[in-house]
Amino acid sequence: AVIAVGYGGMRYLENAVVDAIRTWAAQTPQDAHVELGDISYTLMDNHLVLKNVRMTYVTPAKQTVAATVETLDIRNPGTTLLSLMRDPKSEIKEAELPVADEIALHNLSFGPEPNITVRLRTFKGVAIETAAVKTLMSTAGDDDPKVALAIIYGLSYKEDSASGVKITSKALPFSLSTDSAVQKSYAKGHLDSSVTNGIVFTLRGQDVLTLGEIRLENMNLPPRDIMEKIYFIAPTDINDDEAFGIFQNFFAGPKPLIGVFSLKDLKTSSALLDVSLDKLNITNPSTSPYALEVSLEHLKMPVALVPELQLLSVMGVPEIDASASYAISLPNKDNQFNSTASLSVAKLGTADFAVKGEVPYKAFFEIINNNSVTDSDIENFVEKNIKFSHIEAGYADEGLLPRLGILGQKFMGLTPEQCVDMAKKYVKESLGAAEGTENTAKLMEYIDKPGAIRLIFNTEKPIPVEAFDTLSDTDPSIKLDVNTGPKTALELMADLEKK
């Protein structure tokens with residue numbers, strides 16, 4: 001008898017959960033309606049399964065959008081959340097409610113235009129703020145921004161994974177598919193990481209672009225009050241300056257919007273656009289001071305794609321293989337800034353640049369925050385406020401100079417020796433009054449035996465831009481370093497001719 005009573009009570013609770021879900025679905029408004037097929041709930045396993053779930057939503061433009069899930073499988077759903085669904089007026093003490101240990105959506109589709117299908121999507125360790133749940137259950141379907149903000153800032157999960165994702169369009173002849181996507185540790189506007197693999201973009205049935213991986217790390221939405229302004233303030237309610245201020249605040253939060261963004265193994269599959277990229281990496285390590293680092297590795301393309309570079313094919317470089325980097329740190333309250341850059345092109349050479357200096361922190365941000373600033377204002381600001389303590393520029397030749405000599409022979413009828421003499425003459429004329437100094441001799445050595453050259457300006461006391469005009473070639477703050485290569489320019493040109 002005890003067993004029978006216990007079994008009966010268990011079945012009663014299981015039926016109560018099913019009834020609560022059906023009641024909630026039946027009460028959803030027609031412009032955001034939920035329909036359910038079979039529902040089963042087992043109390044012993046705390047396992048909820050919903051079949052043939054369908055939600056239809058009418059947009060403000062009166063278009064109907066539908067989302068369907070063949071099977072919605074929920075492991076260990078939060079009992080307090082189920083109680084709240086049964087009675088939205090329930091008094092809940094917890095600020096955050098467990099939603100489920102795991103939620104799996106099998107064969108999800110969303111459409112009609114574009115049509116999105118997902119073979120499997122799984123959430124693990126899902127929770128939501130109680131206030132957000134009540135907002136979702138009490139808000140009418142036409143208050144989209146309020147619902148969106150409730151979900152964005154109220155939801156958290158340990159992992160969100162998807163496989164077999166495909167996006168197609170009837171209006172446009174394209175499709176986009178991915179093998180897998182995994183997001184880790186989302187909480188109230190912050191996401192630790194997101195990795196998407198096996199991305200294929202198809203146009204008219206042909207693969208035109210593939211990506212091995214897209215990775216994002218340390219993603220942070222702006223504070224909620226900024227997002228509320230963006231969502232709720234009508235354009236007619238604010239002037240241009242206020243709109244510009246909101247836009248700036250969106251990007252100037254205490255944390256970067258995206259800490260790391262990277263692409264790997266990008267390839268095009270078109271005969272007209274044969275481009276590949278091993279890796280692109282963009283890092284925003286901090287917002288105070290603001291810092292940005294960008295690098296790309298092995299961007300390859302035929303020179304025929306860029307008219308300005310087609311002369312390289314005559315020089316024996318039919319394909320560009322370039323790697324580059326750029327980094328900048330804007331001034332903080334210490335007024336210091338610095339920046340570095342580099343560009344390396346296979347068979348040609350590698351150039352790099354670095355600069356350090358100071359600029360008044362307050363004046364710098366006043367000019368940035370002034371959306372009516374003129375070119376004259378910027379020029380005046382640079383002349384009066386920016387000072388430099390270190391400037392460095394270097395170049396390591398890996399074939400450019402001898403290849404320029406080959407051009408001189410082909411188009412000007414010069415001998416290799418005449419090419420070298422012409423280069424020396426050009427450099428001497430460019431130096432003007434500085435011709436004949438120790439640095440001139442170093443440059444002549446570099447032309448004779450191309451290697452690496454570096455110009456360095458370094459001073460303890462930063463100087464303004466206009467002061468550079470007064471520096472002499474022999475100023476101790478300026479240094480020219482030259483490291484000649486193992487072969488002469490004549491030998492390098494001879495080697496190229498043999499190829």
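These legends accompany close-up views of a predicted model.

**View 1. Strands β6, β7 and β8 are joined by antiparallel pairing.**
Start with strand β6, which covers residues 115–129, and follow its pairing with strand β7, residues 155–168. The two strands run antiparallel and share 11 bridges. At Asn-115, look across to its bridge partner in β7, Thr-168. Strand β7 is also joined by 11 bridges to strand β8, which spans residues 174–187 and again runs antiparallel to β7.

**View 2. Strands β14 and β15 form a hairpin.**
Strand β14 (residues 319–329) pairs with strand β15 (residues 336–345) over 8 bridges, in the antiparallel sense. A handy landmark is Ala-322, which faces Val-345 of β15. The hairpin has 6 residues between its strands. In that turn, take a look at Asn-335, whose phi is positive at about 70 degrees.

**View 3. Strand β15 also forms a hairpin with strand β16.**
Strand β16 takes in residues 349–358 and pairs with β15 through 10 bridges, in the antiparallel sense. To find your way, locate Gln-336, which stands opposite Glu-358 in β16. There are 3 residues between the strands of this hairpin. Lys-347 sits in the turn and has a positive phi of about 75 degrees.

**View 4. Four residues make up a nonpolar patch on the surface.**
The members are Leu-311, Phe-411, Met-412 and Met-422. Together they present about 430 Å² of accessible area. Met-422 belongs to helix α11, which runs over residues 416–431. Is Met-422 partly exposed or fully buried? Met-422 counts as partly exposed because its relative accessibility is 40%, and that class lies between the cut-offs of 20% and 50%.

**View 5. Acidic residues gather in a negative surface patch.**
This patch is built from Asp-375, Asp-377, Glu-379, Glu-383, Glu-466 and Asp-469. Asp-375 is found in helix α9, residues 375–385. With a relative accessibility of 68%, Asp-375 counts as exposed, because the exposed class takes in values over 50%.

Note on methods: Residues numbered from 1 in each chain as written. Predicted model: local features only at pLDDT ≥ 70, side-chain atom pairs only at ≥ 80, totals over all residues. Heavy atoms only, no water. Patch = residues over 30% accessible without salt bridge, like charges linked within 9 Å, V, L, I, M, F, W, Y side chains within 5 Å. Areas by Shrake-Rupley, 256 points an atom, 1.4 Å probe, with all protein chains shown as cover. Salt bridge = Lys/Arg side-chain N within 4 Å of Asp/Glu carboxyl O. Helix = DSSP H or I, 4+ residues; strand = E, 2+ residues; numbered from the N terminus. Buried < 20%, exposed > 50% of the residue type's maximum accessible area, 1.4 Å probe, protein only. Pairing = 2+ DSSP bridges. Charge placed at Lys NZ, Arg CZ, Asp CG, Glu CD.
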